[in-house]
There are 2 protein chains.
Amino acid sequence: MAETDEAAPPTDQLGTMDLTTDTSLNHAFSDRVLIRSIVGRPDGGAGLAGKRVRVGGWVKTGREQAKGTLAFLELNDGSCPANLQAVVDAGVAVPKKLVAMGTCVVVDGILKIPPPPPQKQGTKQRPQRIELGVEKVLHIGEVADPAKYPIPKRNPTLEYLRDHLHLRSRTNTIAAIARIRNALAFATHSFFQEHHFLYVHTPIITTSDCEGAGEMFQVTTLINEADKNPNPQAKQLGIPKKKDGKIDYTKDFFARQAYLTVSGQLQVETYACGLSNVYTFGPTFRAEHSHTSRHLAEFWMVEPEIAFAELNDAMNCAEAYVKYLCKWLLDKCLDDLQFMDDKTCVDRLRMVAETPFVRISYTEAVKILEESGQRFEHRVEWGIYLASEHERYLTEVQFQKPVIVYNYPKGIKAFYMRLNDDLETVAAMDVLVPKVGELIGGSQREERYEVIRERILEMGLPLEPYEWYLDLRRYGTVKHCGFGLGFERMILFATGIDNIRDVIPFPRYPGRADL
Amino acid sequence: MAETDEAAPPTDQLGTMDLTTDTSLNHAFSDRVLIRSIVGRPDGGAGLAGKRVRVGGWVKTGREQAKGTLAFLELNDGSCPANLQAVVDAGVAVPKKLVAMGTCVVVDGILKIPPPPPQKQGTKQRPQRIELGVEKVLHIGEVADPAKYPIPKRNPTLEYLRDHLHLRSRTNTIAAIARIRNALAFATHSFFQEHHFLYVHTPIITTSDCEGAGEMFQVTTLINEADKNPNPQAKQLGIPKKKDGKIDYTKDFFARQAYLTVSGQLQVETYACGLSNVYTFGPTFRAEHSHTSRHLAEFWMVEPEIAFAELNDAMNCAEAYVKYLCKWLLDKCLDDLQFMDDKTCVDRLRMVAETPFVRISYTEAVKILEESGQRFEHRVEWGIYLASEHERYLTEVQFQKPVIVYNYPKGIKAFYMRLNDDLETVAAMDVLVPKVGELIGGSQREERYEVIRERILEMGLPLEPYEWYLDLRRYGTVKHCGFGLGFERMILFATGIDNIRDVIPFPRYPGRADL
């Protein structure tokens, strides 16, 4: 935090600082200092007493001691959960109201440690926080009618905030989640870059369907065009159709039916089969009418793909990656984590960061569940999908640590997963963690041409759309594996937040796509 | 590269290495060594002579000296542009053909420097490359019928490769572009993280239209549903309609008309007005029937947004960011850059990394163009859009360095750009660079409620869809600015590649969305 010492003397203009003389990263291209660079110091900012700085932020709470004399503003600029108290005394000419919550201000002043308040007998003196003695108010962005400010002062619920997406980043919880999400995203890139994976941008618009199932959104320019000139009499849209009554997609933008991707896996495999180690990290989509707290129509996935590697390598990579994320958060976001309502999240991250993951086969997992004496809603027997209650029993009750379940029955898994020698199971693996259950799903991919061709047919899928995928097996096939991590699930795990709609900035779900 | 010394002794199985003992990053979760960790060393791998390693890769070229005796394989695993030569002698039992281009092999062997060939009189002895004496072939992924391998041996054109997206990453040029693209993506995150910007995932599916213009793709589940049960007699799709004949979007997935985003700017502004410094980096879309070498229907944009900052800060940030990208590439990807057909790209990157950008107003730019004596296709006068020919004249001919043009006429720019005091221009800026012209477009945003409201009306736009955007100005408004960098344009600039379809892994354009 030594950069703060470099803070240039404030000027009257915002943003006039020359970048070439700005050696302080904390300025971030304007001549204010981030509040984090003051109050985020190990000494709470005490060592900066006497320094002259410019800060900007939004008023969290403000009060005037007596009209027009002394104002105290708790300022937050989003750089950290803590506020900086700014004190504006009567000597500072202030043209407008300052104290309303949500007001934006930019001020120059001198950092100081205020004199201790009169000490009550028997109480322990708390160290005084650093505060800013304001010398000049440079900008006020008023809240003209504070009664109409959409964010209530006292603990708005997360549900309420979902109806005010454009302002919710100003609240403590959503801001903390945003910083944690940012940290996890950069940690993701750092991890894979350190391990020599190449980031590949797989397509959002696709003409392939990864799973051979799943509801997909359609991407089109046809109906918008048709809708421009409606004809109420004809009761017919001007959408081009073929003789059989079906839509003629040769007239659509891509000359065929196109969708939003449900996974970048199949496409990223084409890059793994040439560049060895790759990953994709981007948005994926499901058009499922699911109203649960665990599903979104638009969500982000991290999908690494490793060539020259088998299922065990995928498990090693997944475990190392999840541990890396946990350590990163504990290192960079402890203040935000400690701010969360879920007071167990720091311990949970520590446990996962430090504990070797249990690895058991699906068959062993089913045996454990059968012998658990537990009454599950969904009956347990070999061959079933593991339900969330089963997964959480394994990781939360049985082992109380992360669990990797591998070698699933082929009947419940996708065609591209490698058939094991028993011909009954495939080399799939899921990583289960406390709080969210399944965090990661992955597999070794079937690299044998004859076997995967048979599997496609066996599952009743047409071969034609997969010819390009089969080519990867026809021409220089390679053993490879990969997995997908649901990025929002990782954030739920880290923060203890219950509803997935609160951990993505702009949640999309049935009936809602605000902004 | 010291990690290579840690290489564990090869075993018979792929992927059996225990992660806990794997201290070598170059393994990347399988027990092979990346070819880059051998041939990418400053000594070309010479210092590793005598080491036992496992490598995997695809055969670039292979030849047999005499049937079944001695085979030479140029292996590439995508980790760097250079190949490693593997020599398989008669002592190694090989069940199948090895030498066909595209064959995948995993081999164990000992690195060695071959004896120099007999020296011709008068020629200078070239240092011998390190090669791998193969002891065991662990895996062969055959190209069963080499005549059918879709990638021709000799210089396939980039245009030809566009018809074989799933295999083109195995070619030298596309692989080099992939590594450069990866480096630029990680450099982007590194730059903004170092400067304390938070990465915000703005939505892909949106119900807002950033520019109030531009062709957008529609996202729907309506017609797919209707198309499942066509009725050729009725000549009517089962799409729900309102009385006026228009489609009833309340029945669509999001209960209203939804689109693919054209920019994350407006949404990321909501986070800037709470968290100060943010950026978004994600896919954006245009449904324009544009068949040029400069346009894609799906492309990636980097859009930072800085609060408490003005136009000059945006220019400083843009210049620092572009310079950072150039330096990063020169530092990390020199071998790939030198591999490009465009032999000027290294010099161009150096020039941009080292040269202060020229900054001129739009008015000055027009004056320079008018007085240039140049015959332009598009007539120059104050008030016009600058065409690509004008932009390239400024940056390539007039200044021969990057140029930032600022303060454009308000009539040709978007409603959200801040009106200057002259009431004629807005605080917009474009960064122009040689080779591609406009690389970045940005502006200070209009933070004054009354002014932006007036601008929306002046441009004939409805107020209602922008009420949330106006709220940012109603409640604690802040001066802020930002810009967008077209990520593929940056890659065109860096690589000298001519067609944008070759610098994105899966290009989408009218009529094509392969895979």
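## Where chain B meets chain A

Across the interface of chain B and chain A, the rule finds 0 salt bridges (a side-chain nitrogen of Lys or Arg within 4 Å of a carboxyl oxygen of Asp or Glu). This is a predicted model, where local features need pLDDT of at least 70 and side-chain atom pairs count only at pLDDT 80 or more, while totals for chains, interfaces and linings use all residues. Residues are numbered from 1 along each chain as its sequence is written, chains are lettered from A in the order in which they are written, and side-chain values use heavy atoms, leaving out hydrogens and water.

**The interface**

- In chain B, 140 residues are in contact with 140 residues of chain A (contact means heavy atoms within 4.5 Å).
- About 12,100 Å² is buried between the two chains, and carbon and sulfur atoms give 62% of that area; buried area is the accessible area (1.4 Å probe) that two parts lose on being put together, summed over both.
- Helix 3 (residues 172-194) of chain B gives the largest share of the side that touches chain A, with 13 residues; helices are DSSP runs of H or I, at least four residues, and strands are runs of E, at least two, numbered from the N terminus.

**Helix 11 of chain B**

- Ile452(B), Arg455(B) and Ile456(B) are the buried residues of helix 11 (residues 449-458), with buried meaning under 20% relative accessible area (1.4 Å probe, protein chains only).
- What covers these residues includes strand 14 (425-433) and helix 12 (467-474) of chain B.
- Just after helix 11, Gly460(B) takes a positive phi of about 75 degrees.

Definitions and conventions:
Buried means under 20% relative accessible area, exposed over 50%, partly exposed in between (1.4 Å probe, protein chains only).
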